[in-house]
Amino acid sequence: VVSSRPAVENSIIHVEGITKTFGEVKALQGVDLRVEPGTVLGLLGPNGAGKTTLVKVLTTLLKPDSGRATIAGLDVVRDAERLRTVIGLAGQYAAVDEYLTGRENLMMVGQLYHLPAAEARRRADDLLARFSLTDAANRPARTYSGGMRHRLDLAASLINNPQVLFLDEPTTGLDPRTRLDLWELIRDLVREGTTLLLTTQYLEEADELADRIAVIDNGQIIAKGTATELKASIGSDILEVRVANSENLQRAAEVLDTINDEHPQIDDSQCLITLAASDGVQSIVAAVRCLDDANIQLTDLSLRRPTLDDVFLTLTGRRAENEAAADEAGSD
């Protein structure tokens, strides 16, 4: 994906200096990305960070103001019509016609790609079987559950057998079981050689599926690397302190601020304070001593390894789960 300047020929997605502005809002500010064939790039970022705008540019739905992007050697502006035949797109809201059956939905998409009717039906039946929708193939999509609609939408994005698939927060709003099912389908696609660009606010999803990760905020890529590399960038363990009385939360944070060079992060909803623990176990000892001297009672205190959530918090100043909870309230 985003490696140390790989040769352009080795990148199936190549993005260079892409910008996009809406009025006074700078949605994308000089985005650079490279994705190698047969890999998954996880694009992480809070609402409004620019994830969906970038996907729309790369899938020819928006023209960039400046910069250049190619996919499978095709320019997203100059070769837009040809490019649409080699990519697929599935979003967070299933784009299916509720009054058509599952099979009819897929055949309609096949016809939009100018597939012969017999070929469109064959591919539709293959995809219905693959996504466990054969039994529901002749039912109107309005009778499908949310998970079934997502599977049908993903199947529709594959009707043209795309080289590159864009998944824009595809598991938003799904229950845990359905999300795991979709993860397995995505893994199957990658094993077969499909290249994926996956936008998500679920850090566990990026950790599970992505070969490499890019973090975007305010229209700029602010970090790139594997999940392991990004976690290592924190540079220390994480100390978690839960305070018994919420009224003492701010004072506890001020006390803990004296034992570390980095400021603690406060989660009011959980009475939780997190901070980097560069001295490991010694940080626990120092925290207990300082909080005890301040007569602040705790319910829990623990030391753990960094997660992608810690990376997200460090880079953006926000916790990912808070952003994910706002999925329905806004988008990029």
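Colleague: What should I know before we start?

Modeller: This is a predicted model, where local features need pLDDT of at least 70 and side-chain atom pairs count only at pLDDT 80 or more, while totals for chains, interfaces and linings use all residues. Residues are numbered from 1 along each chain as its sequence is written, and side-chain values use heavy atoms, with hydrogens and water left out.

Colleague: How do you know how many disulfides there are?

Modeller: A disulfide is a covalent bond between the sulfur atoms of two cysteines. Here the term needs a pair of cysteine sulfur atoms within 2.5 Å. The search of the whole structure gives 0 disulfides. Take Cys-271: its closest cysteine sulfur, in Cys-290, is 20 Å away, so the two are too far apart for a bond.

Colleague: Why is the contact of Arg-68 with Asp-75 called a salt bridge?

Modeller: Side chains of opposite charge can pair when their charged atoms come close. The cut-off is a side-chain nitrogen of Lys or Arg within 4 Å of a carboxyl oxygen of Asp or Glu. Between Arg-68 and Asp-75 the closest N and O atoms are 3.5 Å apart, so the pair meets that definition. The whole structure holds 21 salt bridges.

Colleague: How do you know that Arg-177 and Asp-181 form a salt bridge, and where do they lie?

Modeller: Their N to O distance is 3.1 Å. Both lie in helix 6 (residues 176-191), 4 residues apart, about one turn of the helix. Helices here are DSSP runs of H or I with at least four residues, and strands are runs of E with at least two, numbered from the N terminus. Arg-177 is exposed at 52% relative accessibility, whereas Asp-181 is partly exposed at 34%.

Colleague: What makes Arg-191 and Glu-184 part of a network?

Modeller: Arg-191 forms a salt bridge with Glu-184, with the closest N and O atoms 3.1 Å apart. Salt bridges that share partners join Glu-184, Arg-187, Asp-188, Arg-191 and Glu-208 into one network. Arg-191 is exposed, with a relative accessible area of 57%, and Glu-184 is partly exposed, at 37%.

Terms used: Buried < 20%, exposed > 50% of the residue type's maximum accessible area, 1.4 Å probe, protein only.
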